[in-house]
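This briefing covers a sheet, its strand pairing and a few selected residues. Please view the sequence and the model together.

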Amino acid sequence: LLFAFVLPAAAETGFTDAQKQEIGGIVREYLLANPEVLLEVSRELEAKQKLAETEQRESAMMSNADAIFRSPHDHVAGNPDGDVTLVEFFDYNCGWCKKGFPEVMSLIEKDKNLRVVMKEFPIFGGDSDYAARAAIAAKKQGKYWELHTALLSHEGKVTSAVVDEIAAAQGLDVAKLKADMELPEVAEAIQANQALAQALAVNGTPAFIIDTQLTPGYLPAADLMAAIAAVREG
């Protein structure tokens with residue numbers, strides 16, 4: 001990295017090719033003798049990148065508050081008037097989402113003042129997209145939560161055939177469901193969540209937002225409870 005910085009600087013000062021080659025050799029020898037310099041530069045760059053990402057997220061959180069917490073596309077579980085809101089970006093084929101699902105359900109059951117917003121964010125291909133569209137379309141039959149919980153409880157890959165089978169088992173009219181899946185509003189809901197995820201630098205699932213704190217990745221129940229308690233104490 002340091003070598004890459006020095007050569008452009010040397011080029012701007014009008015050094016000859018021979019001089020630039022000599023400078024490059026000196027820098028190379030120095031870095032070989034002091035490799036810890038590269039590690040230091042790498043750590044500094046990583047820290048700056050993390051800071052920039054954090055600042056981007058904070059700015060995006062402020063400017064997209066309605067889309068994050070109050071989008072009409074998203075299903076709200078728990079207490080719709082709760083004093084703390086937990087938002088989850090998830091995919092029905094995400095193993096960590098499935099692992100954390102019982103813990104989120106336990107929170108909803110135990111914390112009667114918690115509001116939970118579910119954000120369909122299919123990132124694992126066509127089957128995940130099909131499942132997300134089916135779940136959103138299930139709202140037309142008042143069955144979103146039933147289909148959602150059944151899909152996340154399913155062991156193994158959630159394929160389109162599995163979605164149809166589970167939907168039927170949950171009492172949905174599958175023919176109507178498939179027709180509703182093609183409605184523009186269904187695609188718009190997923191596209192809105194994808195755009196929001198990009199703005200927030202959310203690149204995977206699950207990802208949680210609790211109040212103004214965004215945490216990518218799986219969170220054990222204890223960590224979720226601690227974050228919720230911290231918001232209330234604050």
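Asp211 is partly exposed because its relative accessible area is 37%, where partly exposed lies between buried (under 20%) and exposed (over 50%), using a 1.4 Å probe and protein chains only. This is a predicted model, in which local features need pLDDT of at least 70 and side-chain atom pairs count only at pLDDT 80 or more, while totals for chains, interfaces and linings use all residues. Residues are numbered from 1 along each chain as its sequence is written, and side-chain values use heavy atoms, with hydrogens and water left out.

- Asp211 lies in the loop between β4 and β5; strands (E, at least two residues) and helices (H or I, at least four) are DSSP runs numbered from the N terminus.
- The hairpin of β4 and β5 has 2 residues between its strands, and Asp211 there takes a positive phi near 60°.
- Setting aside residues up to four places away in sequence, Asp211 touches Met61, Phe69, Thr85 and Val231, contact meaning heavy atoms within 4.5 Å.
- From Asp211 to Thr149 the separation is 62 residues in sequence and 24 Å in space, C-alpha to C-alpha.

**The sheet**

- An open sheet of 5 strands has the order β1-β3-β2-β4-β5 with mixed pairing; two strands pair if DSSP finds at least two bridges between them.
- At the edges are β1 (75–78) and β5 (213–216), each of which pairs on one side only.
- From one strand to the next, the twist averages 20°, with axes fitted as lines to C-alpha atoms (for helices over the stretch in contact) and angles running from 0 to 180 degrees between N-to-C directions.
- β1 and β3 run antiparallel and are joined by 4 bridges; Ala77 stands opposite Val116 in β3.
- β4 (residues 207–210) pairs with β5 in the antiparallel sense over 4 bridges, and Ile210 stands opposite Gln213 in β5.

**Thr85**

- Thr85 belongs to strand β2 (residues 84–90) and is buried, at a relative accessible area of 14%.
- Beyond its neighbours within four places in sequence, Thr85 is in contact with Phe69, Arg115, Val117, Ile209, Ile210 and Asp211.

**Asp111**

- Asp111 sits in the loop between α5 (95–110) and β3 (114–120).
- Asp111 counts as buried because its relative accessibility is 16%.
- Not counting residues up to four places away in sequence, Asp111 touches Ile228 and Arg232.
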